[in-house]
Amino acid sequence: AALSQEELTELEKVLRQHEDDDYTTWEAHLHVISRLFDLFIVSDPLMPIYVGVILFSHYKEEIEKRRKELPQEKLHKWLKNGLASMLDGHNLNEVIGKVLDLHERLPPKKVFEDNPDLALPRQS
């Protein structure tokens, strides 16, 4: 049976709404990516590690909950997709602030001085 004009109009509205939602989601992800990219470009080369430390500590409870619920491959997918979606504008500013604070309190030189076994051996 063919759809009525009213049903087609309603279907079109639903599809456009999801299209807008997808665009909004991608736009938000691109905002997060560009902000982190800016941070990485202008800062210490080890800054991605600091971001990882802050993200994992910030979302520790959620990650721990998901780790218990999901098999490893689904946990990896959730980490890849879920953390990006959690970082909306407010959380992203908070996370970047914490990253910069951690880097200031524990710069790489201090981390390696306090933990010499982390340093790679010097090549001659």
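Trainee: In what order do the elements of the chain run from the N terminus on?

Mentor: This is a predicted model, in which local features need pLDDT of at least 70 and side-chain atom pairs count only at pLDDT 80 or more, while totals for chains, interfaces and linings use all residues. Residues are numbered from 1 along each chain as its sequence is written, and side-chain values use heavy atoms, with hydrogens and water left out. Helices (H or I, at least four residues) and strands (E, at least two) are DSSP runs, numbered from the N terminus. Here the order is α-α-α-α-α-α, with six helices and zero strands in total.

Trainee: What share of the residues of the chain counts as buried?

Mentor: Buried means under 20% relative accessible area, exposed means over 50%, and partly exposed lies in between (1.4 Å probe, protein chains only). Of the 124 residues, 19% are buried.

Trainee: Which residues have the most contacts inside the largest nonpolar core?

Mentor: A nonpolar core is a set of buried Ala, Val, Leu, Ile, Met, Phe, Trp, Tyr and Cys residues joined through side-chain atoms within 4.5 Å. The largest one has 18 residues, and those with the most contacts inside it are Leu39, Val51, Leu55, Leu87, Leu92, Val95 and Val99. Two or more residues of this core come from each of helix H1 (5–42), helix H2 (47–58), helix H4 (72–86) and helix H5 (89–105).

Trainee: Is leucine 92 buried or exposed?

Mentor: Leucine 92, in helix H5, has a relative accessible area of 0% and is therefore buried. Contact means heavy atoms within 4.5 Å. Not counting residues up to four places away in sequence, leucine 92 touches His31, Val32, Arg35, Leu36 and Leu87. Its C-alpha atom is separated by 8.4 Å from that of arginine 35, 57 residues apart along the chain.

Trainee: Which side chain does a polar contact join to that of histidine 103?

Mentor: A polar contact is a pair of N or O atoms within 3.5 Å; within protein, one must be able to donate a hydrogen and the other to accept it, and residues adjacent in sequence count only if both atoms are side-chain atoms. The partner is aspartate 44, at 3.4 Å. Histidine 103 also lies in helix H5 and counts as buried because its relative accessibility is 19%.

Trainee: Why does phenylalanine 112 count as partly exposed?

Mentor: Phenylalanine 112, found in helix H6 (residues 108–114), counts as partly exposed because its relative accessibility is 34%.
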